[in-house]
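Subject: Structure handover

Hi,

Here is the structure we talked about. My notes follow below it.

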Number of protein chains: 2
Amino acid sequence: MTVRPTMKDVARQAGVSPMTVSRVVNREPGVLPGTAARVHRAIRTLGYQRDDVARQLRRKGQLTQTVGILLDNVADPFMASLASAVEDVARQQGSVVLIGSSRDDPVREREVVSAFTSRRIDGLILIPVAGSHRFLRNAVATGTRVVCADRSASGLKTDAVVVDNRGSANRAIAHLVAHGHRRIAYLGDRLDIRTIEERYAGYLTALEAAGIPADPAIVRHGLRQAPDAAAAVAAMLAGPDPPTAVLASNGIVGLGVRAALPGGTALVSFDDFLLAAQLDPPVTVIAQDPEAMGSTAAHLLFARIHGDASPPRTVVLPTRLVARGSGEIPGPYWDGAH
Amino acid sequence: MTVRPTMKDVARQAGVSPMTVSRVVNREPGVLPGTAARVHRAIRTLGYQRDDVARQLRRKGQLTQTVGILLDNVADPFMASLASAVEDVARQQGSVVLIGSSRDDPVREREVVSAFTSRRIDGLILIPVAGSHRFLRNAVATGTRVVCADRSASGLKTDAVVVDNRGSANRAIAHLVAHGHRRIAYLGDRLDIRTIEERYAGYLTALEAAGIPADPAIVRHGLRQAPDAAAAVAAMLAGPDPPTAVLASNGIVGLGVRAALPGGTALVSFDDFLLAAQLDPPVTVIAQDPEAMGSTAAHLLFARIHGDASPPRTVVLPTRLVARGSGEIPGPYWDGAH
DNA sequence: ACTCCTGTCGACATCGTTGTCAGCTTGGTA
DNA sequence: TACCAAGCTGACAACGATGTCGACAGGAGT
């Protein structure tokens, strides 16, 4: 294993100064073609590659062409699509992407953010976990741009790209009510996640608007995995006065519910998922567009990096209620109007 | 937006030398508690954070605590799980992860590798695209460790973590034959992808072993998207002498085939996918374990980074044939033995 | 009183690259 | 011939951190 050659090595080999090598490597004008050719030959001979660590240090105030993305879990399909879109935009912009998973752990989130900023990232796409993000103020103050995706951060004013969770939940409940349901269960992930809280709030207000009293017996929070959700819905159905319809707060919960739900019970789930259309009955979902979210967030980020200093913006992306069947199963109050 | 404070700033604030600040920041012994306290106070006051770019430059030959992972596409669930496992291991090792998608494009692959190595990554987890990877020799020679996952790289000897694709395809075909099929179609992704080629080879040898002649009319390559696969299988079924069973080379193709396949035709697909068990009929798959693959590759990589200089190893992970129903649909030659 | 040691701290040089500026050559013009 | 402009190249310093080594103080031992 040889040591990595430096510009000095190339310079010696080509019989020029390191500065000239630098100029050639960076395609700066004002180098004689012959000189450049000698340098290129030396570069090939030695297998030289510019050291961007040194470069970034020297070019202070310049960009490192590195952005970070910090999300719950790369393995989550929603997050993965989002990350993929971010990476695409970053590449177009000539930047590389540092990725990290917070796994819903604020401590881990801080650690990863710190590891990122100590490497001088130009910007960060953040899917914040619950809790305050005031600790990011320092980073923001010293030039790290931050754009939140999916949820916004508390204690920090940043750009954000989100969907109207409350309105979407509202629409889902209205949809179920219109199909004759009045006993509608809610099964959800942890309530301290901002988006989940908003969805639950939408559930409650929609019930109220429909004149249906909320019943804690058919509400469950804190479901992290599909099996948990399956067990929860099974318990509910076994209880007295079971629900005739279910709203699932996100895709994981929706999957779990689906597996345990008898055919006659209606289901609307947040988040589209692969094969949702091929199940029987096909699952009605509130679909988000993670790629649009990722690329929007990334474009916002790079606009900031390139100097956009306008006040922080929140972009609200639309959701689609995709009626596939499971959400249109008629309930006991169905009036045949649909 | 303030400028980022440096050790010099902290030193001035605390009335010590930068060297002492360095010692405090890096928790080196030999600093009086009182002095350390003053430094800590100054750090908090100024919001100082160590600049790892400068640190990495100075500590030449030391690690940058950064590894790269380069895969086809982050949005692919298989790759996403793999990446997630890699990130977990990296975090345990105190490293951050640079991620990049090659999108099956050798040019893009080279560009991303170059962007990574110019940042002095300690190591790279690579899911190689088709074509030669001799261009990595330079990087390997100057200290970047490379571990391939899912497929091995040609023109370069590295550690690799793979599955026995040929044997697995063999087993799948034997399974179908045992259930009375002799007219078995193959639908596959691009043949120049190493794993796909191996699976196809396994298909052919298994047919031969069973004394079944291969028929190009029921073989299709180059299917990139689910709809392509659906169209291909539909065309096959509409032709003369349609297949009674299908082998799909990977999850994407399997999904497409499933959507277009009538109930009576058997299907075995490579790659497990979410909900495969909840379809009707449930899909029989050859399941791999992407997390095991990712974490094995990552552990290999860090062993190399920490000095393991033994000859390159190839780890072959097992696959599981998960019989769920679609692969056990009896064919015309079924003898009732199963 | 002298040496020797231990513990604490700072000065200096250096990592690889690049911004700045000065020096050199060449050719053209008065 | 003298002079200047333009084009090409190199010397030097600096980015922020840290490895090395030396300075200095205070205490122990003779």
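Val97(A) has Ile99(B), in strand 2 of chain B, as its bridge partner. The two strands involved are strand 2 (residues 96-101) of chain A and strand 2 of chain B. They pair in the antiparallel sense over three bridges. Two strands count as paired if DSSP finds at least two bridges between them. Helices (H or I, at least four residues) and strands (E, at least two) are DSSP runs, numbered from the N terminus.

Before you read on: this is a predicted model, where local features need pLDDT of at least 70, side-chain atom pairs count only at pLDDT 80 or more, and totals for chains, interfaces and linings use all residues. Residues are numbered from 1 along each chain as its sequence is written, chains are lettered from A and ligands numbered from 1 in the order in which they are written, and side-chain values use heavy atoms, with hydrogens and water left out.

The protein interface

Chain B puts 58 residues into the contact, and chain A puts in 59 (contact: heavy atoms within 4.5 Å). About 5000 Å² is buried between the two chains. Carbon and sulfur atoms give 53% of that area. Buried area is the accessible area (1.4 Å probe) that two parts lose on being put together, summed over both.

The rule finds 12 salt bridges across this interface. A salt bridge is a side-chain nitrogen of Lys or Arg within 4 Å of a carboxyl oxygen of Asp or Glu. Asp88(B) and Arg108(A) form a salt bridge through their side chains, at 3.3 Å from N to O. On the side of chain B that touches chain A, 25 residues are nonpolar, 19 polar and 14 charged. Here Ala, Val, Leu, Ile, Met, Phe, Trp, Tyr, Cys and Pro count as nonpolar, Asp, Glu, Lys and Arg as charged, and the others, Gly among them, as polar.

The DNA

- Tyr48(A): polar side-chain atom to a phosphate oxygen, 2.4 Å.
- Met7(A): polar backbone atom to a phosphate oxygen, 2.6 Å.
- Arg58(B): polar side-chain atom to a base oxygen, 2.5 Å.

Best wishes

Technical notes
A polar contact is a pair of N or O atoms within 3.5 Å; within protein, one must be able to donate a hydrogen and the other to accept it, and residues adjacent in sequence count only if both atoms are side-chain atoms.
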